[in-house]
Amino acid sequence: MKKPEIASILMGLALMSACNQKPTPSVENYWPKAGVTYEIFVQSFNDSDGDGIGDLNGVTEKLDYIAELGANAIWFMPIMPSPSYHKYDVTDYKAIHTDYGTMDDFKRLLDEAHKRDIKIIIDLIINHSSSDHLWFQESKKGRDNPYRDYYVWAQKDTIADFIEKKVITLDSDNIRQWHDPGFGEDFYYGFFNGGMPDLNFDNHMVREEIFDIGRFWLEEVGVDGFRLDAAKHIYPDERASDNHEFWIDFRAEMTKIKPDVYLVGEVYDKKEVVAPFLPGLPALFNFDFHYTLIESLNKMDGMLLVKKQKDVLDFYQSITSDFIDATISSNHDQPRLLNELGSDPEKYKQAIAILMTMPGAPYLYYGEEIGMLGLKPDEQIREPFLWDVKEKDTGRTTWIEPKYSLDKTVTPLALQKDEPTSYFNHYKELIYLRNTNPALAIGSLELPSTSYPKSVMAYSRKLSNQEVVVLHNLGKKKISINAPEGFDQELFSLGAVEAVGDQIKLGKNSSVVFMK
């Protein structure tokens, strides 16, 4: 055969191959409505200077990793000065904790994150300050001090019935909420503990201080928004309407500075209590999702979560269409997800397949993507991230001796990257799936009209130009169900999934996503 003929045949084959190739789906950034946010505890994340404590420069070093995972934003647990390791008791609202670096370090991190189209939100703790804060140190000096009314004080005889309170709440196990600063006369209110005195939002000067703090971080520093800690407790529970009104005022003040400011609130309660916060806090964490996801998998009750989520979304929609459902599979206050699922890797992978194919704006807690472990107390669910095997891991923090996430129990990231079936690559694949299929990111949630065995979780996601059907077998036994009619393109599968005629066979903790 002559060379020109060979060249012609090769060119023809190349053209045929090109015609048969499907176009690469475009990756979209759906933040804030449905994007993925990565929660970081800086203390445990990455140590850049060898002092054993994670720092902001360490996070900057890992921004490419976060981008590779597919996250659109970072939520930082508290980064302000504080006497506690967790830093939820702030002593200076306009500074960076020295262990973490400087304000210049943080501004450089912000700049580098924004270059990668990664947004930054920070924890803002305004329900209370630290008892070491200058405001409180002045406040406790006496009734005539100018800062006295920055906090909530009462004389001992007027609160006698409340001093020995024995009731706990969903978000606090503290049973003593009135505290004696040491004089035995006037007590101050601290919902969480005596080291965290509640600020008095009936004092207009306190409100202005808080608004000014928000303006500082948005305008002078440049963050994209705030995660609002203990948002339910600005005022006592019996003053719920005052809580709602405060957040409307806060949002109005922040949007004057940044019209697209992102505000996500921690309101740890049932949907009827959470929903009225939506006008002030357009994003709210969905704790029901977290607990029901775990319950569904452990009880092998397929439709439990779908019905719960549909109920929540419809209820929120009745309040306002302007809301963001911040879904979580875990966070810094809950045991690590893998522990909650009995250390079952198949359940764990399926949990993330569910999270990433359900509506909402998912939050991922650092280390979940490599299967980190941890149980209470809180320090042990905030253990150091494992970047590499210990002898090579120059970024691993040492501020705490890990009890659960060790080299022998958790495969470090460097090894997982090269393993196609690793947790890391599973997370990465599912985030990519979500970010390349609009229906999975921002489509509606529809319940099936067909009945399935109890272990099957089934739902569809609809958008104007795309519809997908998602099926999960939460059970231990292989089952066979009718294939969804008209859905013949498989987008994703997990575990043992087999199509036989008009039947779909699903093995233990297997999942599949179909599109028309």
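Which residues of α11 are buried? In this predicted model, they are Phe287, Phe289, His290, Thr292, Leu293, Ile294, Ser296 and Leu297.

## Helix α11 and its surroundings

An α-helix has 3.6 residues a turn, so residues three or four places apart point the same way. The buried residues of α11 pack against both helices and strands, namely α12 (304-319), α13 (337-340) and α14 (345-357), together with β9 (283-286), β10 (324-327) and β13 (456-463).

At the start of α11, the backbone nitrogen of Asp288 has a side-chain oxygen of Asn286 within 3.3 Å. The residue that follows the helix is Met300, whose phi is positive, near 55°.

## Helix α8 and its contact with α5

The axes of α5 (residues 103-115) and α8 come within 11 Å of each other and cross at roughly 65°. On the α5 side, the contact is formed by Met103, Phe106, Lys107 and Leu110, which meet Phe216, Trp217, Glu220 and Val221 of α8. The residues of this contact divide into six nonpolar and two charged, with no polar residue among them.

Arg207 also belongs to α8, which comprises residues 204-221. Its relative accessible area is 16%, and because buried means under 20%, Arg207 counts as buried. When neighbours within four places in sequence are left aside, Arg207 is in contact with Phe201, Tyr235, Phe246 and Asp249.

Leu228 takes part in both pairings: Leu124 stands opposite Leu228 in β7, while in β8 the bridge partner of Leu228 is Gly265.

## Strand β14 and its antiparallel partners

Seven of the eight residues of β14 (residues 466-473) are buried, so this strand is largely enclosed by the rest of the structure. A hairpin joins β13 to β14 through two residues, and the two strands run antiparallel, joined by eight bridges. Within this pairing, Ala458 has Leu471 of β14 as its bridge partner.

Strand β14 also pairs with β19 (residues 510-515), in the antiparallel sense and over six bridges. One of the pairs here links His472 to Ser511, its bridge partner in β19.

## A three-stranded open sheet

Three strands form an open sheet with antiparallel pairing, in the order β15-β18-β17. The edges are taken by β15 (479-482) and β17 (497-500), each of which has a single partner strand, so one side of each is left without a neighbour in the sheet. Neighbouring strands of this sheet are turned by 25° against each other on average, direction ignored.

The pairing of β17 with β18 (residues 503-506) is antiparallel and comprises four bridges. In this pairing, Val497 stands opposite Leu506 in β18.

## Backbone features in the loops

Two cis peptide bonds can be described here. The bond from Trp31 to Pro32 is cis, with omega near 5°, and Pro32 is found in the loop between α1 (3-20) and β1 (37-40). A cis peptide bond also joins Lys376 and Pro377, with omega about 10°; Pro377 is found in the loop between β11 (363-365) and α15 (413-417).

Positive phi values in loop residues other than glycine include that of Asp117, near 60°, a residue placed in the loop between α5 and β3. Asn509, which is not a glycine, has a positive phi of about 45° and is placed in the loop between β18 and β19. As for accessibility, Asp117 is partly exposed, with a relative accessible area of 42%, whereas Asn509 is buried, with a relative accessible area of 3%.

Technical notes:
Residues are numbered from 1 along each chain as its sequence is written. This is a predicted model: local features need pLDDT of at least 70, side-chain atom pairs count only at pLDDT 80 or more; totals for chains, interfaces and linings use all residues. Side-chain values use heavy atoms; hydrogens and water are left out. Buried means under 20% relative accessible area, exposed over 50%, partly exposed in between (1.4 Å probe, protein chains only). Contact means heavy atoms within 4.5 Å. Two strands pair if DSSP finds at least two bridges between them. Axes are lines fitted to C-alpha atoms, for helices over the stretch in contact, and angles run from 0 to 180 degrees between N-to-C directions. A polar contact is a pair of N or O atoms within 3.5 Å; within protein, one must be able to donate a hydrogen and the other to accept it, and residues adjacent in sequence count only if both atoms are side-chain atoms. Ala, Val, Leu, Ile, Met, Phe, Trp, Tyr, Cys and Pro count as nonpolar, Asp, Glu, Lys and Arg as charged, and the others, Gly among them, as polar.
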